Amino acid sequence: MKTKFLLPAIAFVLLITSCINNNKKTENENSELIENKSITSNDWQSQYNRIEASELPDNAIQLIGKEWMLVTSGNQDSYNTMTASWGGIGYIWERPSTFIFIRDTRYTYQFLQKNEGFTLSFFPEQYRSSLRICGTRSGRDTNKIKEAGLTPLQTPAGLMSFAEARMIIECKKMLVQELDYTNLTEAYKAPILKESYESEPAKHQMFVSEITNIWIKK
């Protein structure tokens, strides 16, 4: 008699357990779908507007020198980013261009050397602390992107940026050249060498790149 009631009870418990596990599996699958969507940006056009370089809404000195930017190079499988505040936006060789300067000791420099393209990403002011983290941590030994609370985002061209960025500039390298400090003019040589290279003598590399796309978050 006990066995008669015991078997249905066991079956009921197994049914409930199976339902719970299936729900958990569905929740995990949904989470993965949401995460993948944020990474690959399946619906890019609904999130960003493309503008011409001549329509840039920001002052370049404020944008780069004061607000800072993230320089990101690599692909979804392997990439790195760093905060930078040296650079410019202009026009050379009949192309709208960017000019950035990266020390050859930086981990991101290796990615810039290996890859043809990269992005410059600009953020609202509330992400200032994230930019500080990306400027003081090395991707060689820490996951600074996770620590900074940023969401990796792949552009339609396959370059890497971040979902929190308000503006993304895609760039294609045209010229890479080491800065020769012997060419500094006499009026600036002493102060620049003291201010920028006394504590860290590593060389800066100049990257002159064509602007291929500018994306503004809607």
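**Chat about a buried isoleucine, a strand and a pocket**

Reader: Let's start with Ile 64: buried or exposed?

Author: Ile 64 is buried, at a relative accessible area of 2%. Buried means under 20% relative accessible area, exposed over 50%, and partly exposed in between, with a 1.4 Å probe and protein chains only. This is a predicted model, where local features need pLDDT of at least 70, side-chain atom pairs count only at pLDDT 80 or more, and totals for chains, interfaces and linings use all residues. Residues are numbered from 1 along each chain as its sequence is written, and side-chain values use heavy atoms, with hydrogens and water left out.

Reader: Which helix is Ile 64 in?

Author: Ile 64 sits in α3, residues 60-66. Helices (H or I, at least four residues) and strands (E, at least two) are DSSP runs, numbered from the N terminus.

Reader: And what is Ile 64 in contact with, leaving aside neighbours within four places in sequence?

Author: Its contacts (heavy atoms within 4.5 Å) include Met 69, Trp 86, Gly 87 and Phe 122. Gly 87 is 23 residues away from Ile 64 in sequence, yet their C-alpha atoms are 6.7 Å apart.

Reader: Which strands does β6 pair with?

Author: β6 pairs antiparallel with β2 (residues 69-75) over 4 bridges, and 6 bridges join it to β9 (residues 167-178), also antiparallel. Pairing takes at least two DSSP bridges between the strands. Leu 70 has Ser 121 as its bridge partner, while Thr 119 has Glu 170.

Reader: Switching topic: how many disulfides are there?

Author: The structure holds 0 disulfides, a disulfide being a pair of cysteine sulfur atoms within 2.5 Å. Cys 134 is buried at 1%, and Cys 171 is buried at 2%.

Reader: Last one: what divides up the lining of the largest pocket?

Author: The lining has 9 nonpolar, 11 polar and 8 charged residues. Ala, Val, Leu, Ile, Met, Phe, Trp, Tyr, Cys and Pro count as nonpolar, Asp, Glu, Lys and Arg as charged, and the others, Gly among them, as polar. α5 gives the most, with 5 residues.
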